[in-house]
Amino acid sequence: MNVDHPMPHTHVCVWIDHREAKLFGIGLETADEERLVEPGPHHRIHRKADQVGKGKAPPDTAFLERIAEALSASTAILIVGPGVAKAELAAHLRLHHATLAGRIWGIEPFDHPTDREIVAAARQFFRAAERMHA
């Protein structure tokens with residue numbers, strides 16, 4: 001999906017791995033979803049024992065920029081997912097979008113849940129976080 005506009009809700013949960021990002025706008029009663037898929041082929045990097053380096057592809061900055069654009073109207077952001085992609089997104093926002101980075105309320109590990117589980121967990125997270133911010 002190509003994102004031409006920001007999410008309609010101000011509380012957004014991003015589930016991300018290295019291939020896709022699912023953005024859930026969380027409302028009290030409703031949730032909207034946008035799915036972004038990293039463009040291009042996905043190559044697995046294999047490291048040989050005698051090579052230096054982590055054998056890891058760098059994050060796709062164009063993909064991270066598309067996510068940042070979709071988050072532009074967000075006032076509260078929760079980033080979840082497996083592996084390091086969530087930390088890479090947070091680091092990208094801190095480096096290139098300081099205002100958005102300041103809106104990150106949490107970064108949590110969340111393996112491969114269903115969309116419903118993501119929305120339920122995000123709604124619970126935002127309710128608890130709002131009580132703490134009050």
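This is a predicted model: local features need pLDDT of at least 70, side-chain atom pairs count only at pLDDT 80 or more; totals for chains, interfaces and linings use all residues.
The expected span of a helix is 1.5 Å times one less than its number of residues.

**Entry 1: helix 2**

I took helix 2 from end to end. It has 12 residues and reaches 16 Å from its first C-alpha to its last, close to the 16 Å expected at 1.5 Å a residue. Next I asked which residues of helix 2 are buried.

**Entry 2: Leu 93 and the largest core**

Leaving out residues up to four places away in sequence, Leu 93 touches Ala 68, Leu 71, Ile 79, Ala 98, Leu 100, Ala 101 and Ile 104. Leu 93 also turned up when I looked at the largest nonpolar core, which has 21 residues. Val 14, Ile 16, Ile 67, Leu 71 and Leu 93 are the ones that touch the most other members. At least two residues of this core come from each of strand 1 (11-16), strand 2 (20-26), helix 1 (61-70), strand 4 (76-81), helix 2 (85-96) and helix 3 (98-101). Helix 1 gives the largest share, five residues. I also logged a second, separate core of 11 residues, with Ile 26, Val 80, Val 119 and Phe 126 included.

**Entry 3: Lys 22**

Then I went to strand 2, where Lys 22 is found. Is Lys 22 buried or exposed? Its relative accessible area is 15%, and the cut-off for buried is under 20%, so I put Lys 22 down as buried. For its side chain I found a polar contact of 2.9 Å with the side chain of Asp 115. Setting aside residues up to four places away in sequence, Lys 22 touches Cys 13, Val 14, Trp 15, Glu 33, Glu 34, Arg 35 and Asp 115. Val 14 is a name I had already written down for the largest core.

**Entry 4: the whole chain**

Last, I stepped back to the whole protein. I counted four helices and five strands, running β-β-β-α-β-α-α-β-α along the sequence. Of the 134 residues, 40% are buried. I then looked at contacts between residues at least 6 apart in sequence, and 66% of these join residues at least 24 apart. The protein exposes about 8100 Å², with carbon and sulfur atoms supplying 54% of it.

Definitions and conventions. Residues are numbered from 1 along each chain as its sequence is written. Side-chain values use heavy atoms; hydrogens and water are left out. A nonpolar core is a set of buried Ala, Val, Leu, Ile, Met, Phe, Trp, Tyr and Cys residues joined through side-chain atoms within 4.5 Å. Buried means under 20% relative accessible area, exposed over 50%, partly exposed in between (1.4 Å probe, protein chains only). Contact means heavy atoms within 4.5 Å. Accessible areas come from the Shrake-Rupley method with a 1.4 Å probe; for residues, only the protein chains shown count as cover. A polar contact is a pair of N or O atoms within 3.5 Å; within protein, one must be able to donate a hydrogen and the other to accept it, and residues adjacent in sequence count only if both atoms are side-chain atoms.
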